[in-house]
Amino acid sequence: MKPLDDRTASDTLVLNGDARMERLTEIMARLRAPDGCPWDREQDFASIAPYTMEEAAEVADAIARNDMPDLRDELGDLLLQVVYHAQMADESGHFALPDVIRAICDKMVRRHPHVFADAPGRDATEQTVDWERIKAEERAASDKGERRTLDGVALGLPALTRAVKLQNRAARVGFDWPEVGDVLDKLQEESAELVEARDTLTHDDQVEEFGDLMFVMANLARHLKIDPEAALRGANAKFERRFRWIEDALAAEGSHVNQSDLARMDALWNLAKAEERKSPS
């Protein structure tokens, strides 16, 4: 495998891309130029990071809605974020966009020896084990000292996603419940502690117990091989869909949610559920 600083003609072709990629990088450089956009020139990595996370979330939203035109646009917005960070890094002398592209190309080749090297064929489970092993070796090689098991799990991740990643790290060294039933037992225990906290403890204690319950829920998702973020996005979409059904039903009656009460809206909610069950999947 070629080291990162060993460029060849084929590398240059991959790194430079086509005229559209070059135009995007030129646009970003122009925006950041001394006579460019005042807002863009004032930004730094920390100020842009929230926008990067937002664009990634909007990509996920477009995928969840199966909206391909919107996904195209949102992927463009996310790509701009990559170019933005690379441009700022280039200005400060750290790295440039070609370095980013070359590094990810090398990483993908390195982490797929069953594809790019003379390694035996592996099924999906074995490939996942290999991927994690190679990642661990990379982390060990990149650090001068011994790293702790949970180091390197990004703080900026959504909390549920980060909980799953932390638990996966701990599971690699054997710190994990062996059965789903054990997790369900812990879920009942944490639920009971939250009820107790609600009745007898301070608000801070309630927050802590609620966090414990959510952490166990993330663990349950992991054991069931469920993406908790995707599951919650689905639940949010279902809630929106059914609540809008309630609004439409009330409007058809010449009423509005502000003029209704909980009993009526709850009855309509159950009707919305029934209508969903009758609809073809």
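The model is predicted, so local features need pLDDT of at least 70 and side-chain atom pairs count only at pLDDT 80 or more, while totals for chains, interfaces and linings use all residues. Residues are numbered from 1 along each chain as its sequence is written, and side-chain values use heavy atoms, with hydrogens and water left out.

**Overall make-up**

The protein has 13 helices and zero strands, where helices (H or I, at least four residues) and strands (E, at least two) are DSSP runs numbered from the N terminus. Of the 281 residues in the protein, 24% are buried; here buried means under 20% relative accessible area, exposed means over 50%, and partly exposed lies in between, with a 1.4 Å probe and protein chains only.

**Helix α2**

Helix α2 covers residues 19-32, and its 14 residues should span 20 Å at 1.5 Å a residue, which agrees with the 20 Å between its end C-alpha atoms; the expected span is 1.5 Å times one less than the number of residues. The buried residues of α2 are Met-21, Leu-24, Met-28 and Arg-32. Seen down the axis of α2, these buried residues fall within an arc of 70°, so they line one face of the helix, the arc being that of the directions from the helix axis to the C-beta atoms. The face turned away from the buried side of α2 carries the exposed residues Ala-19, Arg-23 and Glu-26.

**Aromatic pairs**

Rings of Phe, Tyr and Trp (its six-membered ring) pair if their centres lie within 6.5 Å, and planes under 30 degrees apart count as stacked, over 60 as edge-to-face and the rest as tilted.

| Pair | Distance between ring centres | Angle between planes | Class |
|---|---|---|---|
| Phe-239 and Phe-243 | 6.0 Å | 20° | stacked |
| Phe-239 and Trp-269 | 5.6 Å | 45° | tilted |

Phe-239 and Phe-243 are four residues apart in helix α12, and are thus separated by about one helical turn. The pair of Phe-239 in helix α12 and Trp-269 in helix α13 (residues 262-278) links distant parts of the chain, 30 residues apart. Phe-239, Phe-243 and Trp-269 form one aromatic cluster.

On a 1 Å grid over the protein atoms alone, a pocket is an open set of points where a 1.4 Å probe fits, with protein on both sides within 12 Å along at least five of seven lines, and lining residues have an atom within 4 Å of a point. About 410 Å³ of space lies in the second largest pocket, a volume being the space filled by probe spheres set on the points, which are joined across faces, edges and corners. The second largest pocket is lined by 14 residues, of which Met-53, Ala-56, Gly-156, Leu-157 and Pro-158 lie nearest its centre. The elements that give two or more residues to this lining are α4 (45-64) and α12 (228-252), and α4 gives the most, with five residues.
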